[in-house]
Amino acid sequence: MEINIGCVNCGVKACEHKTEEKYPPFCPTKNMDNTVFNKADNAYENDEDLKIAYTSAVLEGQFYGKLTRAEEIIVFAKRMGYKKIGIANCVGLLSEARIFAKALEKNGLEPVMVSCKVGAVDKSRIGVENENKLNKGCEHESMCNPILQAEFMNSQNTDMNVIIGLCVGHDSLFIKHSDAIITTLVTKDRVLAHNPVAALYTSSSYYKRILEDNVPE
Ligand code: SF4
């Protein structure tokens with residue numbers, strides 16, 4: 001089946017250098033309604049958004065391929081003038097989150113860390129049936145509580161929040177409820193050691209199943 005929406009079939013990436021004569025027929029840059037373009041363009045008039053965009057772009061230009069993501073986050077936070085940095089971590093990545101908190105401190109930033117099981121609310125609160133719990137309901141099983149993580153960060157007035165390994169969907173709720181801007185240090189993948197892109201890199205070999213129509217419902 002041919003997918004013909006947006007950039008999926010692009011082989012030229014002509015937008016990178018504005019090579020207009022090479023834009024493919026389905027190119028969004030070429031075909032987009034001006035109102036859509038202008039809405040995004042006008043958003044850069046907002047001082048904070050402009051500062052974020054500028055700082056990220058300069059960081060890319062100065063440190064391309066030189067700094068790890070953990071270091072980039074620290075540089076970004078400092079250049080943005082942020083002080084209090086929230087770390088919303090998976091409880092399974094507590095040790096790694098602690099190391100990142102230490103790195104923030106070493107660089108003059110103030111970490112506020114809260115793990116996903118904060119509040120210790122049983123999964124029954126959100127309607128999870130016993131058969132769908134890891135322990136099958138034999139005892140209390142705390143749910144991930146990304147809304148409480150976000151509210152906690154909001155109550156602490158964090159300047160920026162960093163996600164370390166929140167689950168798919170839980171990260172969405174954290175992002176939805178956080179007052180401060182968010183970036184991700186670690187994207188959870190329980191199978192690929194938090195390197196989800198490996199499934200895409202190996203989609204013609206070990207993980208070709210991702211291109212088959214058999215992902216569980
Ligand atoms: S915007 Fe146009 S040129 Fe750029 S990747 Fe998409 S289709 Fe290709």
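Helix α6 (residues 146–155) packs against helix α7 (residues 170–177) at an angle of about 30°, and their axes are 8 Å apart. Because angles under 35 degrees count as roughly parallel, α6 is described as roughly parallel to α7. The model discussed here is predicted. In this model the protein contains eight helices and four strands, and its bounds are assigned as domain 1 (21–66) and domain 2 (68–186).

**Packing of α6 with α7**

- The crossing in which α6 passes α7 is right-handed.
- From α6, the contact draws on Pro-146, Ile-147, Gln-149, Ala-150 and Glu-151.
- From α7, the residues that make the contact are His-170, Leu-173, Phe-174 and His-177.
- Sorted by class, the contact of α6 with α7 comprises five nonpolar, three polar and one charged residues.

**Packing of α3 with α4**

- Helix α3 (residues 47–63) and helix α4 (residues 69–80) meet at an angle of about 135°, with a separation of 10 Å between their axes.
- This angle makes α3 oblique to α4.
- The crossing in which α3 passes α4 is right-handed.
- On the α3 side, the residues that meet α4 are Lys-51, Thr-55, Ser-56, Leu-59 and Phe-63.
- On the α4 side, Glu-72, Val-75, Phe-76, Arg-79 and Met-80 meet α3.
- The class composition of the contact of α3 with α4 is five nonpolar, two polar and three charged residues.

**Domains and their contact**

- Domain 1 covers 21–66, and domain 2 covers 68–186.
- A distance of 28 Å lies between the C-alpha centres of domain 1 and domain 2.
- Six residues from domain 1 and six residues from domain 2 take part in the contact.
- The side of domain 1 that touches domain 2 is made up of three nonpolar, two polar and one charged residues.

**Surroundings of the ligand**

- Four cysteines are listed among the residues around the ligand, namely Cys-7, Cys-10, Cys-15 and Cys-27.
- Val-12, Lys-13, Ala-14, Tyr-23, Pro-24, Pro-28 and Thr-29 are also around the ligand.
- Nine nonpolar residues, one polar residue and one charged residue form the shell around the ligand.

**Overall architecture**

- The order of elements along the sequence of the protein is α-α-α-α-β-α-β-α-β-α-β-α.
- The C-alpha trace of the protein spans about 65 × 50 × 35 Å along its principal axes.

Note on methods:
Residues are numbered from 1 along each chain as its sequence is written. This is a predicted model: local features need pLDDT of at least 70, side-chain atom pairs count only at pLDDT 80 or more; totals for chains, interfaces and linings use all residues. A residue is near a molecule or strand if its C-beta atom, placed from the backbone, lies within 6 Å of it. Ala, Val, Leu, Ile, Met, Phe, Trp, Tyr, Cys and Pro count as nonpolar, Asp, Glu, Lys and Arg as charged, and the others, Gly among them, as polar. Axes are lines fitted to C-alpha atoms, for helices over the stretch in contact, and angles run from 0 to 180 degrees between N-to-C directions. Helices (H or I, at least four residues) and strands (E, at least two) are DSSP runs, numbered from the N terminus. Angles under 35 degrees count as roughly parallel, over 145 as roughly antiparallel, 65 to 115 as roughly perpendicular and the rest as oblique. A crossing is left-handed if the near helix is turned anticlockwise from the far one by less than a right angle, and right-handed if clockwise. Two residues are in contact if their C-beta atoms, placed from the backbone, lie within 7 Å. Domain bounds come from an automatic or database domain assignment.
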